[in-house]
Every structure is written in structure tokens, then in C-alpha cells.
Amino acid sequence: MSTVSSPADKLEGVTLASGWEIQKRFVKQAGETGGHFGVCYFAIRGDETAFVKALDFRRAFHEADFITALNQLTSHVLWEKELMEFCRSHGMSRIVRLLDYEDLILPEDGNDQTKKICCLVFEVGKGDLRRHFDLTQAPKKSWRLRVLRDVALALDQLHRRGVAHLDVKPSNVILVGELADRHEAMKLGDLGRSVRKGRSGPFDTALWPGDLTYAPPEKWYGYQSAQWNDERESADAYLLGSLAVYLFSGVPMNALLVNEVADAFRPGIYRGNFDDQLIDVLTQAQAKAIALHVEDQLPVSSKDELLAIITELTNPNPSKRGNRLARAQGMIGIDRYHQKLLRISERVALEERRVNA
Amino acid sequence: MTASLPPRRLIPRWRRTASTLDLPEASFSAEASVRVFALDQDLFAKSIADWRETPTAGHLGDVLAFSVDSSLREDIATVAREALKKSQPITLAQQAIISSILDERETTPQEQGNFGICNPATRREVSELRRVLKVNPSNPLVLLDAAQFQISAGKHRQAERSLLTALSLSPNSRLALRTLARFYVHMRRHDEAHRLLSRHARTPGDPWLMASEIALAEIAETSPHFASKGQRLIRDKGAQYADLSELAGALAGIELVNGNVKRARDMFRVALRSPNDNVIAQAITHQRLLAIDLNQPEQRRVALNASEAQTLLAWETLNTSQAELHALAWHSEEPFSSRPLQFLTTLYAVQKKYEHGINLAHRGLIADPKDSALLANLSYLLANSGKLELAETFLRRLVRTAITDYDPIVLATSGLIAMKRGAYDVGDELYQEAISRFRSRGELKMETNCLAYYAKSAVETAHPNRDLILKRAMDAYGNARSSDAAIILYQLDQQIEPMEQTEPARRLSQWILDEKTNTLTQRHGITKAGAPSLIVKK
């Protein structure tokens, strides 16, 4: 862990060339270590708010293997920046935007080029999904479905351009302000762990680049497929299904799944590969978890449709995961899901309005 | 009476998958490596910090997501307790995960007080299975569970369809294969059961399937295909002892049939190194013949958790209350199986709890309408409860379905019915005929049982010669002891001691203390009868 003081720690009150005034630093949490190298701030520009990630590459020099650390840091930053620009250039409406990117030297450091820091300015929104999943506010079921639909749309936008996100989780789903079509919407952030089809990136060979807590179960047992669909898009489909489970039960799929899996088959205990007998066990656990903890929370009028969607998305077998009809054509079919979810969310919203009236 | 049960074989047990999945037979894999699994500690700490700052249900869900990693459960438990203490809003699913982490699992109420023909516990479980199958009907393990309940409800065709669907969904599933084979045994389609396993591509590389193939070959009255291969696998220690347990037990069964007790003991020694409940029950069944010490920790640990083994042990020691408790648990594990119901109906007949026995016998006959032993017990229970015409109806059904082996039992129960009607002469005649038939067949234990039942009938119907009949039963018991007779005579206030092993036990291993090197080593191998557990080498 690096504990060295850095110019990246002293940005409060600084105004970037792009006009962003850096305000409060995000509270450094107990878990944040120097391993992530970035320091995060809020920033404002007129009425706009933003999230600034400041990176000081010099921190890599304090790591044991500094060449590897520096290489990793620069390649990760370049990868994320390029990807964000790629998303913006292709008009991906449900991906958090990279607003600006610039280098900076603090006035107190004069013209010392070695103290240059790199700032990535992102759309900040109104906090992540965890903050808005508040039972005291009783989030409506139509709202939950709209969140799900937005994330499905975000994944569809990415998949159409050959990008797999691989780190969809509640903390990466951001509520943003007004969009053209409605007052608020969810966007998918943190593309730092993504991979692209046909483009080599820093995470191409990693078993699981994202947060393993939310990873599809095949990754717990070390399974990798050579097929893009089964390895990447299928993993995103699972993460979308897990988010659906989270939205209706308050717990992501993995926690429910492990709770239903016999001890002998749990990750870290099972002595075997990701084989058929394990898939049978996970399939049983998946169905039990959904039947016992999710089914009753779904809107009654759309229960069967939603059950089918969640079951298909969280199928423990990566080669069967996704829309059944799309699978027959060799695709995952996220596009079908966001269309269905849009229809269902509108229907449920109508019912809710009718009940309230 | 339990002594009329067919001999116990090491056929696969068919428990609920929730129980089976924790056993080696479910998780055996040729790959023996465990993949390290650990979640990111930094992300976990950050998730907890975020929850403390904004304690919404959403943030709590994020913390609970880390419960996938068992090493983090202690810290999650701390957060969970804090959330509960502060009465923060939590969802039902979060509550379920928290209960599991805090080890406050919901306990299902015991069904010991329930003796209706329809089992409410079964109804509850079936309803849950239906919900799970509705979510995903292509679910092999859930279909196996569903088939178990279908067979208990007498829906044999549906059960077979469920099992075949499970196997078609997962054609190489060991559990599906063993379960389907067990189903065929239940349906008395022994050839199909054996053929299924002997021809399956997975069997030659799987000790569990080999074990079942060998055991089923005996029932199908054919030669086992995998006996030599199984022996080689054991000799070469081709798998862990836990995975070789049933295979060695099945091979021991062949040796016992061939009368080679010494080799059978040696195979049981391997089988009992790390046994499962099926092997322990088999060893207890043959304990009088094998005379091996089953009191070592490896065997005792399994036996304590094995309902069937516990039932057998309690039965042997005349502990009827424990036998009832464990037989009920055994029945709950395998609701379709006649064996636990055999014990229970016999027990309730002896204890004069006729209504309980009648209902349970009916329950068993739904699963297997042709079960001769249950039909015999039911007619006996009905006769005792005064429903003589109905008892005769079931006796006629027994005569129609059963093999000639049951003739003496039919005669004995007819004797009871006659005595109930006051026709003691006719009753005596029928009992005498039953006794002489058992004697002519050389079934001395059955003769003792028959005399014990005769004595019980005589006492309960105030037979003028009841004291004489009781004395005859006691004399017969002195010549050929059986557990059933012991339990009946004990209930008739006779001085009966639990039967003891006549031959001193042989140990499966001995500890060798070498005084020169000051080392203690365990030597595996069958010892002589009565050998000490520790040998000091000077």
C-alpha cells in the first residue's frame, strides 16, 4: 500500500482548464488503498456537477514491481479513456459520459513536469443504485423495472459495438438527471474492467476482470470459454439477471445462490471442474433461490414474464444463458430483454397509477 | 414382522437431493483439486464503509453479496447484528441470508406426531418443489426429488417420466443414474436397473456406479460386469476411501454370498475406512456374521447420523422408543421405501398402537401396493384392532400378490383372527401349521417369531392355555434368538436381555506404540477376534 502524499490529494479548490471547479473529496474509506492509485472528487461547472478521478502515476514508483505497476496503471487509464470516448462517439445514451480529460500541474509545483497528474471528469448523477434502493422510500416496482430496462439498454448498446462491461453491479448503476425521454434514468458507469471484441486490452486474459463478488458462478470454479458470447456477453447477461434479483429481493443472485448450494459444492470447497454435475447443482439452487426469495416480490400481472427473464439471465450454464430464441441463433439477446422490460415497466406503471387513483 | 423383509442389499439409497448433495457420492470428481476462492478484502471493507455512511437496504444488500466467501461471514454477521439492532429496514431475502449467516435456520417441525395416511410434511415439500419446477422445469435434481414424492403417492408412471426426463437433461449424472436404477428396483424391474448401469458409458470410470452395478447384479441374478475392475480400483487405491466405500461394500456382498467371510471382512475393512450411511447399515445388518468392531470414531460418527443404522441398532438392543424415533426419521428421508414402514408397523403392532400402524401401512401401500410384508403387517394390525373382515380382505390380497414364502404368515394371522372370534381350537391349529412350515423350511428365527406372536395373541385374547404357549415361546427364543421375538416377549413382561454378540469383535485397525522410537502408528487390517486396540512394541 502506498501512503505517500501526492498532488492528486490536494485538488480541493483547484479549477481545471476545462472550467471544472474541484470541490469536496470523496471520503477516503477504510478499504481504499493505494493499489487503486486514483483520488476522487466532486466538481461543478455552472449548473453541472461531475465526478473527477485524479491519477498520479508517480505512485507506481512506490510499488515493489514499479514497471509492472506503471504499465498497468497507464494501460488501464488509456483503456478506460479510449473506451469512454468510443461510447460517446457512438451515442450510447445509457453509459456514463466522460466529460473531459486533462493533465494538470498544481501552481505550487511550478513547472515540475514530474508532478503532473491526470484528471478524468465523468458525469456524476445523483448517486448509485444502492443509495436509491431505500425501503423507507418504498421504491415502486415500475421504477425497479425501469432501472433494469436502462441497464439492459446500456448493455445492448455496448454489445452491439463489441464491448462487454463485466462489472455490472449496484454501485456502478448511476442515477442521472433529465434525459430527453423522461425525468430520470439510470446509466452504467465504470467501464474500466471492460473488454472489446477484436481489440486487445489489459483484461483480455484475466479469468474475471470485474468484481468477483458479482461474477457469474462459472468464474468461481475457474471456467473460461473460447467463445465471445459464452465468455463475455453471457457474463453480462448474468450480471443483468443478478441486478434484477437485487432490485426485487435486495440481495444479488450470488448470495442467494450460495445460500442454496450444498456445502460440498461451494466455491473453495468443491474439488472438481465446472462440469455437468456442478451445473445440475447450481441449476437446482438457482431455481430454489428465485422461487423462494424473488417470485413473491414480482408484480403479479407480469410475474411469469419476469420469472422467465430472470431465470434465463441467471442460468448457471453460460452456454445456455440468455434468451432462448436468440440462443438458437447463436446470440444472447439482450436487445430482446430491454424491449420486453420497457413494455412490462410501462404496464406496471399504468397499473400503479390506476391503483393510486 | 421385520424378519420377513427381503435381505438387505447395497443398492443406492434415494434420499432427498438436499441430503445427498452433502455426501461424497454427489461430489465425487476424477479431478481432486480445489480452486482457491477469495473475494477482494478492499472492496468488502469499502462496501461496509458505504453502508455505515448510508445504511439503506441497498447498501446492506451489497454487503450481504460478500457472503459468497465463507471466510467473510464473521464480519458480515457483525454488520447483520448491527442492522438488526438498529431496526433498519431489511427485505425478506436479506433476512433469510442473515438468518443463515447467524446460523438461525428455520427448523421444520418434526412430523413425529403425524400418523395420517397422507403426510402433511410431504404435501408442504411437494408444494415447494412445484414452485421451484415452475421457475425452471429443466432441472434434473428437482425432478429427482419430485419423482420421490410421486412414487410415494403411488404415481409410478409420473415418477418414471420425471426420472427419465432428469436423465435426458443430464445424461451423465451419477445421481440421476443411481436414482433411476433405485426406482427400477422399487418397481421390481431388476434387469432394467442392472442394464442401465452396466451399459452406461460413465460406469467404468465411476466407483459409485460400479458399486451399484455389482449390488444390482445380485438382485437381477446375473454376473456383475465390474467386480474385477472394482477390485483392481480398490487394490490400486484409485480414489479416496470415501469414494471407494460403497464399491468395497458391494464386493464384500459378493464374498458373503459365496460364503467367504474372511474376504468379506477384508472388503468391509476398506468400506468402513470412510463409510457412508448405506455401508454402515449394511455392516450392521451382517454384524453377527462379520463380528467386526464398528465402534471406532469413523464408523460411530456416520452411524450416529444414519437413521437406518440407528434404527437397526436400537432394534437389536430392544430400545423401542429410539427405534421408533429413528425409523420415523428414516421414513421421512425415504418416504417411498417400505423398509422403515416395516419397522414402524411391526413396532406399533407390538406396542398395541394399531391405528398408527394401520395408517402407516396404508401410506406404504400407496407407494408399493404389492409389498407383501406391509400387506402382512396391515392384516395383522387390522385383526388386532378388531376389524376382522377387513383383515381377511387384506390377507386375501396378500395371498394373491405374495410368493409362497408368505403362506405361514397368512396362516398365523388367520389363527389370530380365529382366536379373536373365540375359536381357540382353530386358532391353535392354524398357528401350529404356520410354526411347522417355518420349521420344515429350516427358518428357526421365523419359527421363534411365530411362537412369540402366538403367545402375544394368546395373552391378548385370554386363551385358556396362554401360560403354556408363552412358555413354549420363551423356550423357542432360548434356542433361536431373534430381535422381533425379543421385542414381543419383552412387551409381554418376560425377562429378555438384548442379544449380545457371541463372538468377540475383530478390529479394523490397531495402534502400535513403539517404545524405542516413541511413535504411535495405526496399522490397518482385520485383527484376530478380541485383539487389543493398542499393542506396545518394546
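I count two residues as in contact if their C-beta atoms, placed from the backbone, lie within 7 Å. I am working on a predicted model, where local features need pLDDT of at least 70, side-chain atom pairs count only at pLDDT 80 or more, and totals for chains, interfaces and linings use all residues. Residues are numbered from 1 along each chain as its sequence is written, and chains are lettered from A and ligands numbered from 1 in the order in which they are written.

**Chain B.** I looked at contacts with a separation of 6 or more in chain B; residues 24 or more positions apart account for 56% of them. I found 29 helices and three strands in chain B (DSSP runs numbered from the N terminus: H or I of at least four residues for helices, E of at least two for strands). Of the 538 residues in chain B, 49% are buried (20 or more other C-beta atoms within 10 Å of a residue's own, with C-beta atoms placed from the backbone). I boxed the C-alpha atoms of chain B along the principal axes and got roughly 90 × 65 × 45 Å.

**Chain B against chain A.** Which helix of chain B gives the most to the side that touches chain A? The contact takes 60 residues from chain A and 55 from chain B. α3(B) gives the most to the chain B side, with seven residues.

**Domains of chain A.** I took the bounds from the domain assignment, which is automatic or from a database: domain 1 (7-123) and domain 2 (129-356) of chain A. Their C-alpha centres lie 29 Å apart. In chain A, 14 residues of domain 1 are in contact with 17 residues of domain 2. On the domain 1 side, α1(A) gives the most, with seven residues.

Note on methods
A residue is buried if 20 or more other C-beta atoms lie within 10 Å of its own, exposed if 12 or fewer, and partly exposed in between; C-beta atoms are placed from the backbone.
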